[in-house]
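Hello,

I am passing a structure on to you. Please look through it first, then read my notes below.

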Amino acid sequence: MTISENQILRADDLYHVYDTEAVDGNIVALRGIYIEVKRGEVVSVVGPSGSGKSTLMKCLGGLMKSSAGDVFFEGKSISRLTAAELLNLRQHTVSFIFQDSNLLPYMNVLNNVALPLKYMKVSPRQARREAMDLLERLGIKGQAKMLPNQISGGEKQRTAIARALITKPKIILADEPTGSVDPVTSRSILNLFREIIDEVSVSFLIVTHSREVAGFADRSLELVDGRFVAEHGTGIDMSSLADTRKIIIDATGNITLPDEVLSVIGGPGVFETEKVEKDNISITRVTETINDSKTKDEEVALFCPACGNKYEDFDVDTCLKCGALR
Ligand SMILES: Nc1ncnc2c1ncn2[C@@H]1O[C@H](COP(=O)(O)OP(=O)(O)OP(=O)(O)O)[C@@H](O)[C@H]1O
Ligand SMILES: [Mg+2]
């Protein structure tokens, strides 16, 4: 595959399996994920609880090794990096924002923000000066000397954003960044992201179960059961399809199509096999929808597929409780 100059992050065929002691076996949290994030792009991954969002973030950021597949930063595979190179990548290229902000409780706001620079051997004085500049830009200079438990949830998230920005990363991976704050604060944090993107050239990958947060992104990918099932937005780039793409058929015969391939073939449906021989299969669509012969009443789900909430209204297309698509 050719690497676009603008590509910051790409993952190819990511699988992740958690080994568990459970009688029903290991948990397959990611099942063949392909994702690409370009310079300055905001991409969201939206999915219900347990769909694999945090697992994806950890694998993408090099915090956890995926069971199969690879992650590339600016075209460079992280599985081939030495420990020192991986550390360098984490310090200079990628930053994280977590749902609960992950601030060190015994350190004041200023020192929490300055900490990544101290690890990079920047002098404490210079680190504090840069941290103070960021606190001022994010409107929390007055809280600089306070401890995390003395500030509000929104202020904690602003502190976490400042800490993520201080290393001037190329991409910020945010796992439910507004998950622990109220809707008004959530909106102000999203506006802040927008201002940051306009000011500095940084990409965002945000995972969320909130449709509102997903709507803020340029592009939104829908994750269900460790697979992308749909892509929404305007900046969808189909050009990568000109290259050969891998399609995975696992041991149980399930086929995982990359989301762009699914989009090009016109979405899910019923397909007929035309040719089946060793190492080769070709299929052709026979009907548009899987439930082709059913009436409208039967086609519309009565319960939310993500949280089980009952839809009160026939015409609503998102769940009022969890925001998942009907
Ligand atoms: N350390 C672990 N050991 C075993 N299974 C795990 C582990 N972490 C996550 N899982 C399982 O992997 C699947 C995906 O979990 P993950 O935390 O990635 O989901 P999520 O989409 O982030 O959910 P949420 O919205 O609740 O944060 C779930 O079935 C979960 O139970
Ligand atoms: Mg999670």
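Which element gives the largest share of the shell around ligand 1? Helix 1 does, with three residues. Helices here are DSSP runs of H or I with at least four residues, strands are E runs of at least two, and both are numbered from the N terminus.

Some ground rules. This is a predicted model, in which local features need pLDDT of at least 70 and side-chain atom pairs count only at pLDDT 80 or more, while totals for chains, interfaces and linings use all residues. Residues are numbered from 1 along each chain as its sequence is written, and chains are lettered from A and ligands numbered from 1 in the order in which they are written.

**The protein overall**

The secondary structure comes to nine helices and 14 strands. The protein has 326 residues, and 33% of them count as buried. Buried means 20 or more other C-beta atoms within 10 Å of the residue's own, exposed means 12 or fewer, and partly exposed lies in between, with C-beta atoms placed from the backbone. Take the contacts with a separation of 6 or more: residues 24 or more positions apart account for 60% of them. A contact means that the two C-beta atoms, placed from the backbone, lie within 7 Å.

**Ligand 1**

The ligand is surrounded by 13 residues. Y18, S49, K53, S54 and T55 are the closest. A residue is near the ligand if its C-beta atom, placed from the backbone, lies within 6 Å of it. Strand 2 (27-38) and helix 1 (53-60) each supply at least two residues of this shell. By type, the shell holds three nonpolar, nine polar and one charged. Ala, Val, Leu, Ile, Met, Phe, Trp, Tyr, Cys and Pro are nonpolar; Asp, Glu, Lys and Arg are charged; the others, Gly among them, are polar.

**Helix 3 and its neighbours**

Helix 3 spans residues 109-119. Its buried residues are V109, L110, N112, V113, A114, P116 and L117. They pack against helix 2 (83-92), helix 4 (124-137) and helix 5 (153-165).

Helix 3 and helix 4 pack at about 125°, with axes 8 Å apart. Axes are lines fitted to C-alpha atoms, for helices over the stretch in contact, and angles run from 0 to 180 degrees between N-to-C directions. The two helices are therefore oblique to each other. Under 35 degrees counts as roughly parallel, over 145 as roughly antiparallel, 65 to 115 as roughly perpendicular, and the rest as oblique. On the helix 3 side, the contact includes V109, L110 and K118; on the helix 4 side, it includes P124, R128 and L135. The residues of this contact divide into eleven nonpolar, no polar and three charged.

**Helix 5 and helix 6**

Helix 5 packs with helix 6 (residues 183-199) at about 20°, with axes 10 Å apart. These two are therefore roughly parallel. G153, G154, Q157, I161 and L165 in helix 5 meet T185, S188, I189, L192 and I196 in helix 6. That contact divides into five nonpolar, five polar and no charged.

**Positive phi**

Most residues other than glycine have a negative phi. S101 has a positive one, near 65°. N102 is also not a glycine, and its phi is positive at about 50°. S101 sits in the loop between strand 6 (94-97) and helix 3, and N102 lies in the loop between strand 6 and helix 3. Buried or partly exposed: which is N102? N102 is partly exposed, with 14 C-beta neighbours inside 10 Å. S101 is buried, with 21 other C-beta atoms within 10 Å. K121, which follows helix 3, has a positive phi near 65°.

Best wishes
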